[in-house]
Amino acid sequence: MPEVLRNQLSAELLKLRTGLALPALLLVALAFCALGQLGLVYAESDPASAGAELTANIVGLGASAALFATLLGALHVTGEFSSGSIGRTVLYAPGRSAVVGAKLLATTVSGLVFGVAAVVFDGSTWTTAAAVLTICTLAGPWGAAIGFVVRNRLAAVLGLVVWGTLGQVLVLGQLPELGRFLPEGAQFALLGDASGFPDALAAPYGLLLLVGWTAAMSLAGTRLFTHRDV
């Protein structure tokens, strides 16, 4: 990687490390996962006999951290548009594409942090843990790409929260044949959660879908960012 691009990536990682959004969202994500996992344990009449299935479900709940990784990615981009600092970022960068690339890579790292934090407490179900790591890692650049498309911080956050908590439930429940091809359906496929979403595709196709959605949104964000005024 050329030195100018390494410097740009280092700058983006520094912004993530020194801001309050990363630790705040990470704590909320962990609290959210912990509450869901406690609920699963207490809902199980005989946790000891549930064995591996209960463990897989508990670890799988770590995928809920993906929403917060997505929010961080979106905030990392839209925050600069809201403050106007995106102009300075472009001014000191080797090019607009370098800005997009650095932010996507930086939020990929932050997404990985969310994934590791979500599964580090229990690695006994390695397949599910790997799926959670993959989902959270891709969630970071997905959110950043949405930020480049939407630009507005409030619109991005509200849209992601409403969709993540209500919209996807309605689509997956009422239109499963469509929902299976959406990012959320792909997440269920990757987790192998047939009980949560019986219409999910096979895991390999879920992975391809997630990568494809992230790549498509990243390309859209790059094109819009390089062709619109900042």
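A salt bridge here is a side-chain nitrogen of Lys or Arg within 4 Å of a carboxyl oxygen of Asp or Glu. I looked up Arg180 and Glu177 under that rule: their side chains meet in a salt bridge, 3.4 Å from N to O. Glu177 counts as partly exposed, at 49% relative accessibility. My terms for this: buried is under 20% relative accessible area, exposed is over 50%, and partly exposed lies in between (1.4 Å probe, protein chains only).

A note on the source. The model is predicted, so I kept in mind that local features need pLDDT of at least 70, that side-chain atom pairs count only at pLDDT 80 or more, and that totals for chains, interfaces and linings use all residues. Residues are numbered from 1 along each chain as its sequence is written, and side-chain values use heavy atoms, with hydrogens and water left out.

I then searched the whole structure and found 5 salt bridges. One of them joins Lys103 to Glu12, with the closest N and O atoms 2.8 Å apart. Lys103 sits in helix H6 (residues 96-119) and Glu12 in helix H1 (residues 3-18), 91 residues apart, which links distant parts of the chain. Helices (H or I, at least four residues) are DSSP runs, numbered from the N terminus. I found both Lys103 and Glu12 buried.

Next I checked Lys15 and Glu80. Their side chains form a salt bridge at 2.9 Å, N to O. Lys15 lies in helix H1 and Glu80 in helix H4 (residues 65-83), so the pair ties together parts 65 residues apart in sequence. Lys15 is partly exposed, at 32% relative accessible area. Glu80 is buried, at 6%. Salt bridges with shared partners join Glu12, Lys15, Glu80 and Lys103 into one network.

Technical notes
Helices (H or I, at least four residues) and strands (E, at least two) are DSSP runs, numbered from the N terminus.
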